[in-house]
Amino acid sequence: MILENAAIPAHVINTMSARKILGMGGTLMMVEVSFAKGGIGEVHSHDQHEQVSYIVKGSFEVQVGEETRIMRAGDSFYAGYNVPHGVKALEDSIILDVFTPFREDFIEDPQ
């Protein structure tokens, strides 16, 4: 599978964020999430997914478990099963999330 970012439609999450599924197969899924400054990925956890995230652009205040840090382009974090995590964009920013198994709830209805 080869995908070009420009051809992938963005799914608007809210007025401050949108996501694109950049690739998936087997048990993996890669998702690009764009945030406007002040956009929030609410603290949540997954009981069926592991997640690795990479800051592509900008900066975030990131919470993973009990730890909170400012993270910038090039930084990454891992959130295992049931580990609370969330982000707040400190500027217009992009984060790349990789999930295993893939997030069925992100797969949009083709209609």
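Predicted model: local features only at pLDDT ≥ 70, side-chain atom pairs only at ≥ 80, totals over all residues.
Residues are numbered from 1 along each chain as its sequence is written, and side-chain values use heavy atoms, with hydrogens and water left out.

Back to Q51, then, whose place is in strand β5, residues 50-57; strands here are DSSP runs of E with at least two residues, helices are runs of H or I with at least four, and both are numbered from the N terminus. If we leave aside the neighbours within four places in sequence, Q51 is in contact with H46, F77, Y78, A79, H85, D97, V98 and F99, a contact being heavy atoms within 4.5 Å. The C-alpha atoms of Q51 and G80 are separated by 6.3 Å, although these residues are 29 apart along the chain.

Now let me step back to the chain as a whole. Its secondary structure comes to 0 helices and 10 strands, so the radius of gyration is the next thing to look at: at 13 Å it is close to the 13 Å that the globule rule gives for 111 residues, and the chain is therefore as compact as a globular protein of that length. That radius is taken over C-alpha atoms, and the rule is 2.2 Å times the number of residues to the power 0.38. Along its principal axes the C-alpha trace spans about 40 × 30 × 25 Å, and 35% of the 111 residues count as buried. Of the contacts with a separation of 6 or more, 62% are accounted for by residues 24 or more positions apart.

As for the surface, the accessible area of the chain comes to about 6,800 Å², of which 54% belongs to carbon and sulfur atoms; these areas come from the Shrake-Rupley method with a 1.4 Å probe, and for residues only the protein chains shown count as cover. There are 8 positive and 16 negative side chains, and the centres of the two sets lie 8 Å apart. Lys and Arg count as positive and Asp and Glu as negative, with His and the chain ends not counted, and each charge is placed at NZ of Lys, CZ of Arg, CG of Asp or CD of Glu.

How many salt bridges does a search of the whole structure find? The search finds 2, a salt bridge being a side-chain nitrogen of Lys or Arg within 4 Å of a carboxyl oxygen of Asp or Glu. One joins the side chains of R69 and E67 at 2.7 Å, N to O; R69 is exposed, with a relative accessible area of 55%, whereas E67 counts as partly exposed at 41%. Another is formed by R103 with D105, the closest N and O atoms being 2.6 Å apart, and here R103 counts as buried at 10% relative accessibility, while D105 is partly exposed at 49%.

V62 lies in strand β6, residues 59-64, and is buried, with a relative accessible area of 2%. Its C-alpha atom is separated by 13 Å from that of I94, 32 residues apart along the chain.

Next comes A73, found in the loop between β7 (67-72) and β8, which counts as partly exposed at 46% relative accessibility. Beyond its neighbours within four places in sequence, A73 is in contact with I55, V56, K57 and G58, and the C-alpha atoms of A73 and Y54, 19 residues apart along the chain, are separated by 7.7 Å.

I will finish with two points of backbone geometry. Most residues other than glycine have a negative phi, and most peptide bonds are trans. N82, which is not a glycine, has a positive phi of about 65 degrees; N82 lies in the loop between β8 (76-79) and β9 (85-89) and is partly exposed, with a relative accessible area of 49%. A cis peptide bond joins T100 and P101, with omega about -10 degrees, and the place of P101 is in the segment after β10 (93-100).

Note on methods:
Buried < 20%, exposed > 50% of the residue type's maximum accessible area, 1.4 Å probe, protein only.
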